[in-house]
Amino acid sequence: MEDSKKTYKTGMPRLLELAATKKPLVILSVILSSLAAIANFIPFIAIYFVIREILRVWPEFSNLNISELMKFAYMALGGMLLNVFLYVSALMCSHIAAFGTLYELKINFASHLAKVPLGFHIMIGSGKLRKITDENIEKIEQFIAHQLPDIVAAFVAPIVMLILLLAVDWRFGSAAILGMAIAFAMQILLYGKDGAKEMMAKYQTSLEDMNNASVEYIRGISVVKAYKQTVYSFQSLHKTIKEYTDMVIPYTLSWENPMSMYTTLINHIYLFLLPVGILVGMNTTDYRKFAITFIFYLIFVPSIAGVLMKVLYVNSDVTRIFNGVEAMDKILSEPELKQPIHPKTTESFQVTFKNVEFSYKKEEKIKALDGVDFCANQGEVTAIVGPSGSGKSTIAHLTPRFFDVDSGKILIGEVDVRDFTSSYLMEKVSFVFQDVFLFKQSIYDNIAMGNPNATKADIESAAKAAQCHEFIEKLPNGYQTVIGTKGVHLSGGEQQRLAIARAIVKDAPIVVLDEATAFADPENEHLIQKAFEKLMKNKTVIIIAHRLSTVRNANKIIVMDQGKVIEEGTHNDLVAKEGKYAAMWKTYNTTSSWVMNDKEA
Ligand SMILES: Nc1ncnc2c1ncn2[C@@H]1O[C@H](COP(=O)(O)OP(=O)(O)OP(=O)(O)O)[C@@H](O)[C@H]1O
């Protein structure tokens, strides 16, 4: 049984843990990349030999040993080619490792998402989840494929450089190392400066807010225009852009001076060589040897800039990846739905709420359901009505255990829903919600999803019962038409009827319908009602609807208000009672006759 939240390492240890999923390939890639970093210095060694050869014969250049020079030229070329070959091989290994890790991560993520309570998806929203899966997990792929080999190279290169610098002439080497040490110290100060990490996190958040606002603005543009909300909507987009600008300009400016000092310093490390060069030159007797080493250092030392810049960029890339991993781990540490140790089954299917209390935000203690008691009998339709926010949808969410109750219990037959395995519970409950989700697959597959063992005849008969058969037959490829392909557009009512067909095929003993007819036009509503009749036959049906006409014939009506059941009975009982329901019914009749009169007029 899974209860407490899982915890994960943070920062680099967590990234390395993720990279270790494909350890041998990652290690190979790191080794190859380190060798590539070493090979990168071969041309410099060749240059050293060339300078030595030239100065050896100086000023009699006719004595130059051309074949020796050519050897060094080949050495330089060979070093370059070896560097490219090793680096490309390192990247190949790291990419294969990265894709493998990415695959496993996505599978783990998806399987975890399937195990967390379904309510978690409602709370977090599909947009945010998609962003985390698409963007943050991709960042990890980037890290393993690119940054990891680069990080290693970025640290191996300065080490090789140090050795080379000290090996040729320790005096010039020490001068260059002093420059490098100052640059390194500056880098540590830059990244460690007060609030640098927080600023980076703030920068990411404000960038995300701006992106979300622009996506929302573009997605909602039709509504915005139809309701003449252009200025207002643009204002909220403008606000996030302004917030981003207000944060990013001072942030960038705060980096301006230290960054310029850092880049100036690493591009001018050779300046540290000059005083040492003068001192050494003044005290030398072997000018030829002095010239060879000094010229070599003057050529070699500027390449330090490239190596140190790489270290800096690797640092900032990695900080960005940490944030992505954190967002992913936050979801991975979400507790999975508790599964019973001794699962039970049931033969009877009435649904009973016993003193159920539930709140979405536990810390705020606002109760969505506050001591709810009712029973939805088997073979009957129980309708839940009530004003907006009274807790109707929450009842629909708790029945199939999208969330667990805070106190009280929900029974199916005599068994607490928490004592069923999730798969058993899913088998026994069908739900048709207002926002129907259809997959980009054939109509046939979309209906068959309700029951993988359904035959072609089952699918067709469900489609007929759900009043879908006729419109499906008219589609270009009938049942094999893929939803979402060019020219295939289904109306809201048609989509709802397909969802009902899916539920009919599933043939679960309990059916939860949440406002399924809210968007339907009269003709569609009639068809949907007919579809419902087939779906609801001999089932325990809990129907949540605003339209009182659709619940009038229900066997029992539960009236909700502020998370409590305030009335219960048949339509006639409740009208006679002259309570809240009677008032709602009266209002409903007035508005519908008002609509009729209006139409007649
Ligand atoms: N995802 C959520 N996060 C936080 N609070 C929520 C969430 N969903 C609903 N609530 C709150 O729980 C209470 C009951 O909401 P619920 O959606 O069950 O009411 P409803 O009667 O179905 O309303 P409507 O008819 O408008 O759909 C409300 O106060 C609502 O604000």
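## A quick tour of this model

Strand β1 (residues 351–358) is joined to β2 by six bridges, and the two run antiparallel. Keep in mind that this is a predicted model, where local features need pLDDT of at least 70, side-chain atom pairs count only at pLDDT 80 or more, and totals for chains, interfaces and linings use all residues. Residues are numbered from 1 along each chain as its sequence is written. Helices (H or I, at least four residues) and strands (E, at least two) are DSSP runs, numbered from the N terminus.

**The sheet**

- Four strands make an open sheet in the order β2-β1-β4-β5, with antiparallel pairing; two strands pair if DSSP finds at least two bridges between them.
- β2 (369–376) and β5 (415–416) sit at the edges with a single partner strand each, so one side of each has no neighbour in the sheet.
- Across from V356 you'll find V372 in β2.

**Around the ligand**

- There are 13 residues around the ligand, and Y360, A368, S388, S393 and T394 come nearest (near means that the C-beta atom, placed from the backbone, lies within 6 Å).
- Helices α5 (118–124) and α14 (392–398) each supply at least two residues of this shell, and α14 has the largest share, with three residues.
- The shell splits into four nonpolar, seven polar and two charged residues; Ala, Val, Leu, Ile, Met, Phe, Trp, Tyr, Cys and Pro count as nonpolar, Asp, Glu, Lys and Arg as charged, and the others, Gly among them, as polar.

**Nonpolar cores**

- The largest nonpolar core has 69 residues, and I447, I500 and A501 have the most contacts inside it (a core is a set of buried Ala, Val, Leu, Ile, Met, Phe, Trp, Tyr and Cys residues joined through C-beta atoms within 7 Å).
- Helix α19 (residues 492–506) gives the most to this core, seven residues.
- Another core, of 53 residues, lies apart from it and includes A19, L32, I144 and A175.

**A look at S422**

- S422 belongs to helix α15 (residues 422–428).
- S422 counts as buried because 20 other C-beta atoms lie within 10 Å (the cut-offs are 20 or more for buried, 12 or fewer for exposed, and partly exposed in between, with C-beta atoms placed from the backbone).
- Although S422 and L337 are 85 residues apart in sequence, they are 8.2 Å apart in space, C-alpha to C-alpha.
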